[in-house]
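Welcome! Here is a structure to look at together, with a few questions about how its parts get their labels.

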Amino acid sequence: MPNIKIEAIMSWVRIWVHLVFSTKNSVPYLTSLAVRQKVFTHISENAKEKGIWLDAVNGYQDHIHCLISLGKEQSISKITQLIKGESSFWMNKQRLTTQKFMWQDDFWAVGVSESHVEAVKKYIENQEGHHRKRSFNEEVEEFMQKYGWRFIS
């Protein structure tokens, strides 16, 4: 057996997460495609600055989907807090909505296997077409059935 010398040990983490969060009370603040594109571009740029691997971001009038690969010291809740908090602040500063903009406190996240990354990415990229056929509430119900979770009152 050959003698293999490892010069440096590096951490390598690849945990894909499909993250979804909505506007406060599902208010359709993001009705304009132009506003959505500004918000998604800003979220992408801000994520890069903060060392967040954001592979895809898109959404519709009242919610956003993100495909993220977590880093070795990142948690889903911290990443979500960074994305939501900063984007909400930025949107209000830019006055992109007529009312004060806020995200819902909660979020939905599920792990994505490497073999499903491209399919999830395409799903996220096709939000406009997808929501011509079904509402966000219908989408949530579909996710609830698919992943076996429910709202607890």
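A nonpolar core is a set of buried Ala, Val, Leu, Ile, Met, Phe, Trp, Tyr and Cys residues joined through side-chain atoms within 4.5 Å. Keep in mind that this model is predicted.

Q: Which residues have the most contacts inside the largest nonpolar core?
A: They are Leu30, Val39, Ile64, Cys66, Ile68 and Met91, in a core of 24 residues. At least two residues of this core come from each of strand 1 (15-22), helix 1 (33-49), strand 2 (53-60), strand 3 (63-70) and helix 2 (76-94). Helix 1 gives the most, with five residues. Apart from this core lies another, of seven residues, including Trp16, Val112, Val117 and Ile124.

Q: With which residues is Leu30 in contact, leaving aside its neighbours within four places in sequence?
A: Leu30 is in contact with Val35, Arg36, Val39, Tyr60, Gln61, Met91, Phe101 and Trp103.

Q: Why does Asn25 count as exposed?
A: Exposed means over 50% relative accessible area. Asn25 has 60% relative accessibility, so Asn25 counts as exposed. Its place is in the loop between strand 1 and helix 1.

Q: Why does Ser26 count as partly exposed?
A: Buried means under 20% and exposed over 50%, with partly exposed in between. Ser26 has 32% relative accessibility, so Ser26 counts as partly exposed. Ser26 is also found in the loop between strand 1 and helix 1.

Q: What is the phi of Asn25 near?
A: Phi of Asn25 is near 55°, a positive value in a residue other than glycine. Phi of Ser26 is near 55° too, again positive in a residue other than glycine. Most residues other than glycine have a negative phi.

Technical notes: Residues numbered from 1 in each chain as written. Predicted model: local features only at pLDDT ≥ 70, side-chain atom pairs only at ≥ 80, totals over all residues. Heavy atoms only, no water. Buried < 20%, exposed > 50% of the residue type's maximum accessible area, 1.4 Å probe, protein only. Helix = DSSP H or I, 4+ residues; strand = E, 2+ residues; numbered from the N terminus. Contact = heavy atoms within 4.5 Å.
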